[in-house]
Amino acid sequence: MTETGTVIDGHVHFFTAADLARVAGQLPYTLPDPHTLTDYLAGLKDSGTIPTLLNNVHLSILPDSANVFASFEELAALTRREPERYGSVRLVGTIKADPAYADAEHLSHPQVVGVRIVLHDAPPDRVSSDAFSSAEWKALFGRLRPDQHVHVYAQEAETNLRVLRQIPASVRVLIDHLGTCHAERGIDEPAYRALLAEARRRGNVWFKGPGYRTSIEIETALPFVAAIIETLGHGRLLLQASDAPHVGTDAEGRNFAAHFTAASALQFTESLAQAAAQVTGIPADRLLRQAADEIFPVLKKAKP
Ligand SMILES: [Zn+2]
């Protein structure tokens with residue numbers, strides 16, 4: 001654990017058996033086991049950790065983000081039962097970036113911090129030049145509050161870049177997995193450099209960990225962290241995220257779920273931040289979570 005003892009989880013997925021039942025039989029692969037907020041908190045408590053901030057991120061296999069809203073209720077109920085234990089946990093959510101779903105009502109929830117575009121391994125040419133700039137997408141981006149952001153997940157830097165270029169300049173953007181899941185291409189992949197340059201030009205783009213989806217080897221993920229800090233400054237990086245329940249595999253086919261628990265994934269982020277602190281001189285705590293204050297700001301109560 002780092003100096004402050006504080007832990008956040010900037011990217012985690014909570015869903016119940018009821019959420020999975022909505023898509024049973026409709027997907028070409030085995031469904032994951034349920035991963036509920038209650039079980040997750042109980043597991044982390046066993047390791048001596050209660051996060052102060054959690055971001056329940058839209059899970060792409062689900063048709064919408066009803067599970068995100070349900071998790072807000074789940075935490076409220078837990079807190080009523082055990083206020084001493086859970087009263088300090090703040091839960092926010094990132095809902096499905098779908099012009100039809102992310103309507104004014106869903107976006108008006110004070111705990112909704114943004115919308116998530118999920119492209120997985122889509123190659124760049126699958127993102128057409130108007131994929132995210134049609135009238136309906138422009139309307140969605142226009143509905144976001146100034147404190148909300150667009151969260152983008154694509155495994156290729158060039159795919160991230162194509163999406164980023166279509167998001168209006170005034171809209172805040174959070175890019176997953178350090179911007180690339182292709183560590184083998186290195187930090188000098190032209191598309192990666194172009195992605196960092198475009199993020200710097202815009203001035204309102206953050207990159208998020210955990211880092212193990214770029215590489216589960218600290219020394220392989222580290223250059224990407226250092227490149228982000230060098231190009232954008234450490235204030236544009238948020239490393240502390242578990243991405244539990246660790247669905248998927250790395251480039252060598254190693255199953256993340258077999259490799260990580262929530263606690264060990266958060267430990268990975270601490271090790272990565274400490275390695276980055278050695279190289280950059282920026283304290284690990286800042287690299288882990290300082291940017292959370294900006295990405296997930298606490299809304300001020302409206303004046304009466
Ligand atoms: Zn995820």
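## E4 and its neighbours

Six bridges tie strand E4 to strand E5 (residues 149–154), and the two run parallel. Strands count as paired if DSSP finds at least two bridges between them. One place to look is Val118, which stands opposite Tyr153 in E5. The model is a predicted one: local features need pLDDT of at least 70, side-chain atom pairs count only at pLDDT 80 or more, and totals for chains, interfaces and linings use all residues. Residues are numbered from 1 along each chain as its sequence is written. Helices (H or I, at least four residues) and strands (E, at least two) are DSSP runs, numbered from the N terminus.

E4 also pairs with strand E3 (residues 90–96), again in the parallel sense, over four bridges. There, Lys96 has Arg116 of E4 as its bridge partner. Seven of the nine residues of E4 (residues 112–120) are buried, so the strand is largely enclosed by the rest of the structure. Here, buried means 20 or more other C-beta atoms within 10 Å of the residue's own, exposed means 12 or fewer, and partly exposed is in between, with C-beta atoms placed from the backbone.

Getting from E4 to E5 takes you over helix H6 (residues 135–143), and the three make a right-handed β-α-β unit. Right-handed means that, with the strands pointing away from you, the path from the first strand over the helix to the second runs clockwise.

## The whole sheet

Zoom out and you have eight strands in an open sheet, ordered E1-E2-E3-E4-E5-E6-E7-E8, with parallel pairing. Strand E1 (8–12) and strand E8 (237–238) stand at the edges with a single partner strand each, so one side of each has no neighbour in the sheet. E1 pairs with strand E2 (residues 53–57) in the parallel sense, over three bridges, and Val12 stands opposite Asn56 in E2.

Helix H3 (residues 66–81) packs on the sheet, touching E2 and E3, and its direction makes about 165 degrees with that of E3. Helix H7 (residues 157–164) packs on the sheet too, touching E4, E5, strand E6 (172–175) and strand E7 (205–208), at about 150 degrees to the direction of E5. Axes are lines fitted to C-alpha atoms, for helices over the stretch in contact, and angles run from 0 to 180 degrees between N-to-C directions.

## Helix pairs

H7 also packs against helix H8 (residues 190–202), at about 30 degrees with the axes 8 Å apart. The two are therefore roughly parallel to each other (under 35 degrees; over 145 is roughly antiparallel, 65 to 115 roughly perpendicular, and the rest oblique). Their contact includes Leu161 and Leu164 of H7 and Ala194 and Leu195 of H8; contact means C-beta atoms, placed from the backbone, within 7 Å.

Helix H9 (residues 218–232) and helix H11 (residues 262–280) pack at about 55 degrees, with their axes 9 Å apart. That makes H9 oblique to H11. Among the residues that meet are Leu222 and Val225 in H9 and Leu272 and Ala275 in H11.

## A look at Ala102

Where does Ala102 sit? Its place is in the loop between E3 and helix H5 (104–107). Ala102 is buried, with 25 other C-beta atoms within 10 Å. Not counting residues up to four places away in sequence, Ala102 touches Ile95, Lys96, Ala97, Leu107, Val115 and Leu140. Ala102 and Phe132 are 30 residues apart in sequence and 14 Å apart in space, C-alpha to C-alpha.

Key. Contact = placed C-beta atoms within 7 Å.
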